[in-house]
Amino acid sequence: MSREILVLNGPNLNLLGTREPEVYGTTTLDDIVLELTDLAAARGYTLRAVQSNVEGELVDALHAARTTCVGVVFNPGAYTHTSIALRDAISGVMLPVVETHLSNVHAREEFRHTSMLSAVCLGVIGGFGATSYRLALDALISHVEAA
Ligand code: CA2
């Protein structure tokens with residue numbers, strides 16, 4: 001059985017830790033990936049981390065994960081609220097995907113209250129900053145091991 005997990009991040013998340021620290025914190029995406037790599041290793045998993053600002057590249061990363069990964073921690077960024085293509089990709093690959101957000105999208109602007117993706121994800125975690133990713137990884141591994 002594969003022991004690889006994809007950590008997928010969408011548009012603008014490469015800017016983490018450099019701008020808007022009051023909303024998104026001061027931790028960089030590299031910091032988050034490094035920490036998740038260690039946490040995953042301690043549970044016997046390897047991580048593949050992909051960040052893209054391009055919707056189609058996120059679709060491609062999900063397709064590539066289909067045959068190599070056991071699940072996905074996915075922060076789709078603003079595509080959360082708009083992307084039918086990502087929703088179809090998540091449905092198509094039939095992998096457990098945890099939709100993950102740094103911020104509590106429900107405490108923000110109304111346009112962030114709708115997710116195109118939540119209904120086809122295993123679950124949704126948000127509002128805890130970088131800790132959201134740790135919680136998502138833990139939940140994903142627990143799910144995979146219970147299956
Ligand atoms: O809270 C989250 O994780 C979001 O997915 C972040 C997205 C936002 O559009 C979603 O509604 C919620 C935005 C990511 C932008 O990241 C930045 C990081 C630093 C500076 C500027 C943007």
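Helix 3 (residues 55-65) and helix 4 (residues 84-93) have axes that come within 9 Å and cross at roughly 5°, so the two helices are roughly parallel to each other (angles under 35 degrees count as that). Axes here are lines fitted to C-alpha atoms over the stretch in contact, with angles from 0 to 180 degrees between N-to-C directions; helices are DSSP runs of H or I, at least four residues, and strands are E runs of at least two, numbered from the N terminus. On the helix 3 side, E55, L58, V59, L62 and H63 make the contact, and helix 4 brings A85, L86, A89, I90 and V93 (contact means heavy atoms within 4.5 Å).

This is a predicted model, where local features need pLDDT of at least 70, side-chain atom pairs count only at pLDDT 80 or more, and totals for chains, interfaces and linings use all residues. Residues are numbered from 1 along each chain as its sequence is written, and side-chain values use heavy atoms, leaving out hydrogens and water.

Back to helix 3: L58, V59, A61, L62 and A65 are buried (under 20% relative accessible area, 1.4 Å probe, protein chains only). They cover an arc of only 160° around the axis, which puts them on the same side of helix 3; the arc is taken from the directions from the helix axis to the C-beta atoms. Their cover includes strand 1 (4-9), strand 2 (46-51), strand 3 (71-75) and helix 4.

Now look at helix 5 (residues 130-146). Its buried residues are A130, S132, Y133, A136, L137, L140, I141 and V144. These fall within an arc of 160° seen down the axis, so they line one face of helix 5.

How values were computed
Parallel < 35°, antiparallel > 145°, perpendicular 65-115°, else oblique. Buried < 20%, exposed > 50% of the residue type's maximum accessible area, 1.4 Å probe, protein only.
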